[in-house]
Amino acid sequence: MSLNTFDAETADNLEDIEKQFAVKAVQQMETYWNLLQSIPGSKLKLTKYDDEIIEEVLKDFPEFASPEGVAKVSEDDMKSAGGKARWRNFLKKFEDKVQDYNFGTLLRSDASKEYDQHGTIFVVRLQFYAIEILRNRYGLNDWVCQKK
Amino acid sequence: MASEKIEEIVEEQIPDGAEVHVLSKNEKKARQMILKLGLKQVKGITRVTFRKKGNFILAIDNPEVYRSVAGSYVVFGEAKVEDLNKRYAEAAAAQEAAQQAAAAVKEGDAPKDPESITADLQAASLADKSAPAEDDDEEVDETGLDSGDIEIIVEQTNVSRAKAVKALKEHNGDMVNAIMSLTS
């Protein structure tokens, strides 16, 4: 394979590059966790559009209006055909606004637990924001900071 | 060096303290693959430098340099970080010392009067101070940003306020992304 005959259609994906997204996701997770450990979630702002995101997500997902609704999220609900359609609708509203809105991101399915092997699900960045901003507002993440 | 266009650089990481000639398995593999691309070795290059923002320089001494048909370069070798600011300061100090020595030789013990000594000291301290401290203290426009957010970033990453503001702007107010860009 020389550079001149390189054909993007038939080339394999370079494994290391494919892994990069996972590296990013983990970095993001660690950074976010460090933030939660030093600042109570209820005082934390994640993006410029926190208020808008919340407003919209509550319109589309009225079940998130109570703290119980976001404290635990079910991966099956989010990734069922119906759940995906609802989320897609919501994601569209922010696709031009929020940086990296569709980047893979790790989310805790239960706000009262740390990131661990079973309680961590893979979502897109905007879903992470919507749920974590709500959790922060409800004070569901404040325990992380007090623990230290 | 200056005339070369570096379009693509494949950098091999060599573990700390390893001899350049002792190649790790991965590096051997990578070299074999890269060499199959029809590269020609470019001889006589003693140093390759990458210049980054803020006068930071990554330098590879005695690199092995290969050139592909398409004009891309592949460089093997151990990269070391060099701080240009530091080198400037050192160079300035050395020059100062040389000048002083020369002056002392020329005029014998004449310039030992207090005035010339204080003048020397002043010049030396000025030379020391002027080299660093260029990057950070510029005025930055914080409009549209929450000063609380900026402080959190400064606290988390130990960077200057100006840098925090810049990162926050680059990432459109996104805290986690801004911190990530400053720490990784």
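Which residue of chain B forms a salt bridge with A:Lys45? The partner is B:Asp149, and the closest N and O atoms of the two lie 3.2 Å apart. Keep in mind as you read that this is a predicted model. Across the interface of chain B and chain A, the rule finds 1 salt bridge, so it makes a handy landmark, taking a side-chain nitrogen of Lys or Arg within 4 Å of a carboxyl oxygen of Asp or Glu as the test.

Let's begin with chain A. Of its 148 residues, 41% count as buried.

Now turn to chain B and find helix H4, which covers residues 147–157. Its buried residues are B:Asp149, B:Ile150, B:Ile152, B:Ile153 and B:Thr157. Looking down the axis of H4(B), you would see these buried residues fall within an arc of 160 degrees, so they line one face of the helix. What do they pack against? Their neighbours come from both chains: helix H1 (15–38) of chain A, along with helix H5 (161–170) and helix H6 (175–183) of chain B. B:Asp149, one of the buried residues of H4(B), is also the chain B partner in the salt bridge with A:Lys45. Just after the helix, B:Asn158 takes a positive phi of about 60 degrees.

Next, step back to view the interface as a whole. The size of an interface is often given as the accessible area lost when the parts come together. Here, the area buried between chain B and chain A is about 1800 Å², with carbon and sulfur atoms giving 55% of it. B:Asn172, B:Val176 and B:Met180 supply 30% of the area that chain B buries against chain A, more than any other three residues. In terms of contacts, 21 residues of chain B meet 23 residues of chain A.

There are also 7 residue pairs in polar contact between the two chains, counting pairs with both residues at pLDDT 80 or more. Which elements give two or more residues to the side of chain B that touches chain A? They are H4 and H6 of chain B, and H6(B) gives the most, with 5 residues. By class, that side of chain B has 7 nonpolar, 9 polar and 5 charged residues.

Methods: Residues are numbered from 1 along each chain as its sequence is written. Chains are lettered from A and ligands numbered from 1 in the order in which they are written. This is a predicted model: local features need pLDDT of at least 70, side-chain atom pairs count only at pLDDT 80 or more; totals for chains, interfaces and linings use all residues. Side-chain values use heavy atoms; hydrogens and water are left out. Buried means under 20% relative accessible area, exposed over 50%, partly exposed in between (1.4 Å probe, protein chains only). Helices (H or I, at least four residues) and strands (E, at least two) are DSSP runs, numbered from the N terminus. The arc is that of the directions from the helix axis to the C-beta atoms. Contact means heavy atoms within 4.5 Å. Buried area is the accessible area (1.4 Å probe) that two parts lose on being put together, summed over both. A polar contact is a pair of N or O atoms within 3.5 Å; within protein, one must be able to donate a hydrogen and the other to accept it, and residues adjacent in sequence count only if both atoms are side-chain atoms. Ala, Val, Leu, Ile, Met, Phe, Trp, Tyr, Cys and Pro count as nonpolar, Asp, Glu, Lys and Arg as charged, and the others, Gly among them, as polar.
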